[in-house]
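User: I am new to this structure and would like to learn how its features are read, one at a time. Could you take me through them, giving the general idea before each case?

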Amino acid sequence: MKRSYLFLCWTCGVGFLLIGLWLCFAALQSRGPDAASILPFPLGPQGYYFVAFSGCALIAWGGCLVGAARGHGSRAIGTATAVGLVLAALFRMLFWFLGDLAWMGNVLRAEAAVLLLLALAFVWLRPARAAEPL
Amino acid sequence: MGRVLAAVGIVLLFVLNLALPYTPLGRRGSDTQLHFDVPGARGELGQLLPAFTLLDLEGSPVRISDFRGKRVLLTFERSIDW
């Protein structure tokens, strides 16, 4: 029972990681010069903003599942969540720099700041290996 | 050690995020998007527009020279596609 559960966590985690990476790559690639979308539907800058965020969330989610499957417990949750938050903050900084969402003003940078502070908290408060399990 | 390195990286990103508008990267920030110049397209009153071609809604090219001698109203709008 436990083996099948871990297998489920691992396969779903890897799937989520791959889909998340694909969405993040699609968002990055869409902002390039003369880039054709690799997604099967047309999107504008706002759409790719949410695609990027979905990709970051899937990477974090997939990382949690893979970490759980490998027995890393709550440490894996902290690490994967911090990675997802940092990625999401980077995408917000990128979209701010590119100016496609200029109508949002500095909201993007404010969001990035909050996400980075949360990532810092997840990294800093992550339990040491010896402290497992919580 | 890994925790400290990760924290330092995140703090550096945080500082970069705060400093973005004041760095050379910030020249493309929120306040500058409507002020770009097309090379050679800085028009002045009384002068002819430079030649340019755009696509209409059907994708057919439209040359500004096709309208020479006629009154032309040019508007510029951002798309609202998602």
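Analyst: What follows is a walk through the elements, the core, the interface and a few residues. This is a predicted model, in which local features need pLDDT of at least 70 and side-chain atom pairs count only at pLDDT 80 or more, while totals for chains, interfaces and linings use all residues. Residues are numbered from 1 along each chain as its sequence is written, chains are lettered from A and ligands numbered from 1 in the order in which they are written, and side-chain values use heavy atoms, with hydrogens and water left out.

User: How many helices and strands are there in chain B, and in what order do the elements run?

Analyst: Helices (H or I, at least four residues) and strands (E, at least two) are DSSP runs, numbered from the N terminus. Chain B has 1 helix and 2 strands, and from the N terminus on these elements follow the order α-β-β.

User: What share of the residues in chain B is buried?

Analyst: A residue is called buried under 20% relative accessible area, exposed over 50%, and partly exposed in between, with a 1.4 Å probe and protein chains only. Of the 82 residues in chain B, 11% are buried.

User: Which residues of the largest nonpolar core touch the most other members?

Analyst: In soluble globular proteins, nonpolar side chains tend to be buried together. A nonpolar core is here a set of buried Ala, Val, Leu, Ile, Met, Phe, Trp, Tyr and Cys residues joined through side-chain atoms within 4.5 Å. The largest such core holds 32 residues, and Phe91(A), Phe95(A) and Leu108(A) touch the most other members. At least two residues of this core come from each of α1 (2–30), α2 (45–69), α3 (73–98) and α4 of chain A, and also from α1 (2–19) of chain B. The element that gives the most to this core is α3(A), with 9 residues.

User: What does Leu108(A) touch, not counting residues up to four places away in sequence?

Analyst: Contact means heavy atoms within 4.5 Å. With those residues not counted, Leu108(A) touches Tyr49(A), Arg92(A), Phe95(A), Trp96(A) and Leu101(A).

User: Where does Ile59(A) lie, and with which residues is Ile59(A) in contact?

Analyst: Ile59(A) lies in helix α2 of chain A and counts as buried, at 8% relative accessibility. Leaving aside neighbours within four places in sequence, Ile59(A) is in contact with Phe16(A), Leu17(A), Gly20(A), Leu21(A), Cys24(A), Val83(A) and Leu87(A). Sequence and space can also be set side by side: Ile59(A) and Trp22(A) are 37 residues apart in sequence and 9.9 Å apart in space, C-alpha to C-alpha.

User: How is the area buried between chain B and chain A read?

Analyst: The size of an interface is often given as the accessible area lost when the parts come together. Buried area is the accessible area (1.4 Å probe) that two parts lose on being put together, summed over both. Between chain B and chain A this area is about 2,300 Å², and carbon and sulfur atoms give 67% of that area. On the side of chain B that touches chain A, the residues divide into 13 nonpolar, 5 polar and 4 charged, where Ala, Val, Leu, Ile, Met, Phe, Trp, Tyr, Cys and Pro count as nonpolar, Asp, Glu, Lys and Arg as charged, and the others, Gly among them, as polar. The contact takes 22 residues from chain B and 31 residues from chain A.

User: Which residues of chain B does Arg109(A) contact?

Analyst: Arg109(A) has its place in helix α4 (residues 107–124) of chain A and is buried, with a relative accessible area of 12%. Leaving aside neighbours within four places in sequence, the contacts of Arg109(A) are Trp96(A), together with Asn17(B), Leu18(B), Leu20(B) and Pro21(B).

User: How many salt bridges are there over all chains, and where are they?

Analyst: Side chains of opposite charge can pair when their charged atoms come close. A salt bridge is a side-chain nitrogen of Lys or Arg within 4 Å of a carboxyl oxygen of Asp or Glu. The whole structure has 2 salt bridges over all chains, and the count between chain B and chain A is 0. One of them joins the side chains of Arg92(A) and Glu111(A) at 2.7 Å, N to O. Arg92(A) lies in helix α3 and Glu111(A) in helix α4 of chain A, so this pair ties together parts that are 19 residues apart in sequence. Arg92(A) counts as buried at 8% relative accessibility, whereas Glu111(A) is partly exposed at 27%. In chain B, the side chains of Asp66(B) and Arg63(B) meet in a salt bridge at 3.5 Å, N to O.
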